[in-house]
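Work through the exercises below with the sequence and the structure at hand.

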Amino acid sequence: PRGGLSVVIVDGQGHGRAAKRISHQIAGKAAALIGDGARDGAVMRAISDFLYTIRDGKVSATVSILTSDLEARSLIVSRNSNCPVVVGHQDGSSCLDGGVNPIGVHKSNRPMISHWPAYPGTVLVGFTDGIINSGCHSKGQPFSMDEVFQLVRTDSPNPQMLANRMLDMAVERDNGRPRDDMLVAVLAMCDREDALGTRQMTVNYPC
C-alpha cells in the first residue's frame, strides 16, 4: 500500500485440481492481507493458521513471498518452503535455503525472513520444487543450483528472459512432459528509465 510489489509463490500439497484450489485460496488470502498493509511475517503466520484451520492440519503448502518495499528501499524474502530463493547482487550470488517447515501442519509456525538493500541490479529468483525435481526420472542432467547462479551473474539480467530460460531448462529435463507443477518468479531492481515512473504490467495466460 505504501509503494512496492510482492510476489506470492504457493505450491499446495499434491498436484492437480485439489492442489491448485488450495494454492489459489492461500495466494488470495495472502494478497488480501498484503493489500491491507500487513507485514510479510504476519502474512505468513496468518495463512499458515488459515490452512491449518480449514484442513485440520492435514494439508501442507510451501510458500515464499518476494517483496520490494520501495518506502524502506528494501528487498524482503519470506520462506516457509523447501525451495531456496537465489539472490543475485553486486557482491555475488547467495542462496537462501535454510530448513523451514511448510505452512498448514503446525499450530505455531515461523517463517524464515531475510532483508536485503534494494540496489539496482539486485535480483530475487524463487521457484517451486517442480523445477528442482525436474530430470530426476530421466537420463538427462538433473537440476543444479549452478545453472541459476550462472543466469543471474550478468551485469543487467533480464527478468523475463531469466524466468523463461529456467522454465525451459526444467521442461527439457523432463523430456517436454513436466511431472510436477512448475513456477519461476523473478523480481529485479533496475535503474528507472522513465522519469514519470509509469507502472507497467504484462500478463500472458494460456487459453
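The exercises that follow concern an aromatic pair, a charged residue and the nonpolar cores.

The model is predicted, so local features need pLDDT of at least 70 and side-chain atom pairs pLDDT 80 or more, while totals for chains, interfaces and linings use all residues. Residues are numbered from 1 along each chain as its sequence is written, and side-chain values use heavy atoms, without hydrogens and water.

**Exercise 1.** Determine how many aromatic pairs the whole structure holds.

Solution. Step 1: the search finds 1 aromatic pair (Phe, Tyr or Trp rings, the six-membered one for Trp, with centres within 6.5 Å; planes under 30 degrees apart are stacked, over 60 edge-to-face, the rest tilted). Step 2: the ring centres of phenylalanine 127 and phenylalanine 143 are 5.9 Å apart and their planes stand at 55°, so the pair is tilted. Step 3: both residues are buried (under 20% relative accessible area, with a 1.4 Å probe and protein chains only).

**Exercise 2.** Is aspartate 11 buried or exposed?

Solution. Step 1: aspartate 11 is buried and has no salt bridge (a side-chain nitrogen of Lys or Arg within 4 Å of a carboxyl oxygen of Asp or Glu).

**Exercise 3.** Identify the residues with the most contacts inside the largest nonpolar core.

Solution. Step 1: this core (buried Ala, Val, Leu, Ile, Met, Phe, Trp, Tyr and Cys joined through side-chain atoms within 4.5 Å) has 17 residues. Step 2: those with the most contacts inside it are Val86, Val125, Phe127, Ile131, Met166 and Val184. Step 3: a second, separate core has 13 residues, including Ile26 and Met44.

Key:
Buried means under 20% relative accessible area, exposed over 50%, partly exposed in between (1.4 Å probe, protein chains only). Lys and Arg count as positive and Asp and Glu as negative; His and the chain ends are not counted.
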